[in-house]
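Biologist: Please show me the model, and then let us go through it point by point.

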Amino acid sequence: QVQLVESGGGLVQAGDSLRLSCVASGRTFISYDMGWFRQAPGKEREFVAGILRYGISSYSNSVKGRFTISRDNAKNTVYLQMNSLKPEDTAVYFCNAKTGGDLRAEFGSWGQGTQVTVSS
């Protein structure tokens with residue numbers, strides 16, 4: 001079982017940038033496909049971005065072109081660079097790790113979440 005710890009959330013204004021980090025411990029990081037999901041108040045959790053163990057990434061349409069996911073296997077860390085933030089990006093962001101299957105599917109290991117709030 002892998003343990004995930006997110007950091008980097010905060011309160012920003014529309015148009016600002018944030019970088020989220022997720023550090024994994026436990027089994028070998030390179031064994032995992034990694035992803036970011038988010039849950040806004042009153043809404044279901046949704047896929048944001050994912051990156052396969054060999055580096056191919058995928059994004060939801062709502063963040064494509066603004067967010068970039070990356071991973072540093074030497075540091076057991078996955079990042080989410082968020083640019084041009086909008087109020088609708090406000091949510092709790094969760095890190096996800098899975099050993100296979102659909103990046104967008106909601107299974108695997110989860111972090112505790114980090115709050116991102118974007119004011120208009």
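The questions below go from the chain as a whole to its disulfide, strands and pocket.

Modeller: This is a predicted model, in which local features need pLDDT of at least 70, side-chain atom pairs count only at pLDDT 80 or more, and totals for chains, interfaces and linings use all residues. Residues are numbered from 1 along each chain as its sequence is written, and side-chain values use heavy atoms, with hydrogens and water left out.

Biologist: How many helices and strands are in the protein chain?

Modeller: Helices (H or I, at least four residues) and strands (E, at least two) are DSSP runs, numbered from the N terminus. From that end on, the elements run β-β-β-β-β-β-β-β-β-β-β. The count is 0 helices and 11 strands.

Biologist: Which residues does the disulfide join?

Modeller: A disulfide is a pair of cysteine sulfur atoms within 2.5 Å. A search of the whole structure finds 1. With an S to S distance of 2.1 Å, the pair is Cys-22 and Cys-95.

Biologist: How many residues apart are Cys-22 and Cys-95 in the chain?

Modeller: The disulfide joins Cys-22 to Cys-95. The pair links distant parts of the chain, with Cys-22 in strand S3 (residues 18-25) and Cys-95 in strand S9 (residues 91-98), and the separation is 73 residues.

Biologist: Is Cys-22 buried or exposed?

Modeller: Buried means under 20% relative accessible area, exposed over 50%, and partly exposed in between (1.4 Å probe, protein chains only). Cys-95 has 0% relative accessibility and counts as buried. Because Cys-22 has 0% relative accessibility, Cys-22 also counts as buried.

Biologist: Which residue in S3 is the bridge partner of Val-5?

Modeller: Two strands pair if DSSP finds at least two bridges between them. Strand S1 (residues 3-7) and S3 pair in the antiparallel sense over 5 bridges. In S3, the partner of Val-5 is Val-23.

Biologist: Which residue in S8 stands opposite Leu-20?

Modeller: S3 also pairs with strand S8 (residues 77-82), in the antiparallel sense over 6 bridges. Opposite Leu-20 stands Leu-80.

Biologist: How many charged residues are in the lining of the largest pocket?

Modeller: Charged here means Asp, Glu, Lys and Arg; Ala, Val, Leu, Ile, Met, Phe, Trp, Tyr, Cys and Pro count as nonpolar, and the others, Gly among them, as polar. The lining has 3 nonpolar and 3 polar residues. The number of charged residues is 8.
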